[in-house]
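Colleague: Before I look closely, could you take me through how to read a model of this kind?

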Amino acid sequence: MVNVRIGDRSVRRTKNPIFSTETIIDKTVTNIIYAVKATYEKEIAIPADAFGRPPTNPPTVEEVDNLTVYAFTLNSDKMTFKFPVPSDYESGPLMFRFIWTNDGGSDDYNRWVRWRIDYRVVSEYDLVSGTDGSIVVDDLYPSPNGRVECRSQYVSLPVTSFMPGQCVYVKITAVTPPSPALTCKPRLIGLCLKYKATTIYFPP
């Protein structure tokens with residue numbers, strides 16, 4: 001960053017037999033700043049509490065000490081949410097990972113869960129009904145202990161780029177996983193959203 005402040009103020013007086021004038025010439029240059037644009041990977045945590053619970057087939061809400069989780073009946077229960085394409089989005093896909101746990105039992109070690117996202121990307125005046133596609137991610141319960149926080153791999157929406165002003169509508173379900181399956185309903189804690197973001201900074 002280069003900051004330059006130059007104050008150049010001069011006064012010129014001229015006189016003649018008829019009148020006297022004073023001309024003020026004021027030239028100032030302030031705050032010449034060099035900014036740098038950079039891109040980076042940004043991750044945002046979205047708690048499941050922020051999602052919509054439809055009147056038909058919502059997941060069961062459970063309280064676990066200082067946490068609320070949402071228990072999904074397979075191939076039935078659902079949650080929805082909508083979000084605008086982030087204002088600092090640069091390019092590339094939007095990626096999601098699921099944060100989840102089990103019912104507290106000790107019998108789910110190395111058992112599978114499968115989460116599904118149905119999505120629709122819309123611009124102004126587009127139809128909000130319908131679905132553009134769906135993606136699934138499989139995850140293993142990693143521990144013989146109950147109530148362990150699990151984090152799936154990231155999965156990308158199969159859209160190569162998004163436009164400013166677009167919104168993404170999402171429906172979340174838990175569907176039949178590979179065998180052996182989790183012995184209980186999977187409990188959703190939240191999602192993480194990751195994307196390539198842009199920022200402007202001022203180097204020293």
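Predicted model: local features only at pLDDT ≥ 70, side-chain atom pairs only at ≥ 80, totals over all residues.

Modeller: Residues are numbered from 1 along each chain as its sequence is written, and side-chain values use heavy atoms, with hydrogens and water left out.

Colleague: How many helices and strands does the chain have?

Modeller: Both are DSSP runs numbered from the N terminus, with helices being H or I of at least four residues and strands E of at least two; here the chain has zero helices and 13 strands.

Colleague: Which strand pairs with β4, and in what sense?

Modeller: Two strands pair if DSSP finds at least two bridges between them, and in this chain β4 (residues 60-64) is joined to β5 (residues 67-71) by five bridges in the antiparallel sense. Thr 60 has Ala 71 in β5 as its bridge partner, and in this hairpin, with two residues between the strands, Asp 65 takes a positive phi near 55°.

Colleague: Is Thr 173 buried or exposed?

Modeller: Buried means under 20% relative accessible area, exposed over 50%, and partly exposed in between, using a 1.4 Å probe and protein chains only. Thr 173, which lies in strand β12 (residues 167-175), counts as buried because its relative accessible area is 10%.

Colleague: What is Thr 173 in contact with, leaving aside neighbours within four places in sequence?

Modeller: Contact means heavy atoms within 4.5 Å, and the partners of Thr 173 beyond those neighbours are Phe 72, Asp 77, Lys 78, Arg 114, Trp 115 and Arg 116.
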